[in-house]
Amino acid sequence: MNIGSKIEAGGPANSTRRIDGSATERVVEALREAIVTLEIPPGATLDKAVLTARFGVSRFPVAEAFTRLKAEGLVDIRPQSGSTVSLIRLADARENMFLRRALEGEALALLATRNDAALLAEVDKNLRFQKSAMEAGDRPGFHRLDLEFHDLLISAVGFPRMRATVERARLALDRVRRLLGTPRRHALTFAEHCAIVEALRKAEPEAARAAMAAHIDSVMMELEAFAVAQPEVFADREPTTDPLQV
């Protein structure tokens, strides 16, 4: 498809561009959701012809969607061999976990000095819902509540740029968290969240910082062990000598 021909003409081209823009958004959102939720697994081939038929669009929105998802680290584009869902990079996960550990740990230490009763009420409610989702085996529901738990805490600090940084790191880890979304991991996560809230309730900054660090370290250690067991979903198959050393 000649992209230039669609944007250089007069009124009809402008109309087409708007349609393509809307179609691109639709394809991007659908593919992102399928990749992040592992409906399309790491390493899977993305057939442009199949996707154009599936979405009922021309090749341009699909190609543009691939480009945008490549920028997000979700798609690898190889002109000669086709496009695939990106494998997960352990190095990226380690870096994003490091960012979250530093920022969320400091956020918790700060929140522990504030004695915010309204925040405690919100996170207590979230924990009750987490417990219900865990007991019901509701994996998508627990994942959503896990994200909400962290966002409640980070948002309460009141630093928008910090929240945006944490959010970017979290989004980059979404596939990782879903890979580890077992009943056992949910039970551990729930217990770790409870420890975080207890430190907040006691207004103990160091304990709050340590509880958040322990939670994030626990997830990273489990990911390192997972990479040893299933290296095929990782681009950099070089786990640490001891998977429990992070």
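Is Arg 184 buried or exposed? I looked this up first, and Arg 184 counts as exposed at 53% relative accessibility (buried is under 20% relative accessible area, exposed over 50%, partly exposed in between, with a 1.4 Å probe and protein chains only).

A note on the ground rules: this is a predicted model, where local features need pLDDT of at least 70, side-chain atom pairs count only at pLDDT 80 or more, and totals for chains, interfaces and linings use all residues. Residues are numbered from 1 along each chain as its sequence is written, and side-chain values use heavy atoms, with hydrogens and water left out.

**Entry: Arg 184**

I found Arg 184 in helix α10, residues 183–201 (helices are DSSP runs of H or I with at least four residues, strands are runs of E with at least two, and both are numbered from the N terminus). I also checked Arg 184 against Met 134: they are 50 residues apart along the chain, and their C-alpha atoms are separated by 9.6 Å.

**Entry: Thr 84**

Next I turned to Thr 84, which sits in strand β3, residues 82–85. Thr 84 is buried, with a relative accessible area of 15%. Its side chain makes a polar contact of 3.1 Å with the side chain of Arg 78 (a pair of N or O atoms within 3.5 Å; within protein, one must be able to donate a hydrogen and the other to accept it, and residues adjacent in sequence count only if both atoms are side-chain atoms). Leaving out residues up to four places away in sequence, I see Thr 84 touching several residues, among them Gly 43, Leu 46, Leu 74 and Arg 78 (contact means heavy atoms within 4.5 Å).

**Entry: the sheet**

I then followed β3 into an open sheet of three strands, ordered β1-β3-β2 with antiparallel pairing (two strands pair if DSSP finds at least two bridges between them). β1 (45–46) and β2 (75–78) each have a single partner strand, so one side of each lacks a neighbour in the sheet. Helix α4, residues 59–71, packs on the sheet and touches β1, β2 and β3. The direction of α4 makes about 120° with that of β2 (axes are lines fitted to C-alpha atoms, for helices over the stretch in contact, and angles run from 0 to 180 degrees between N-to-C directions).

**Entry: α7 and α8**

Last, I looked at helix α7 (residues 139–157) and helix α8 (residues 160–172), whose axes come within 9 Å and cross at roughly 160°.
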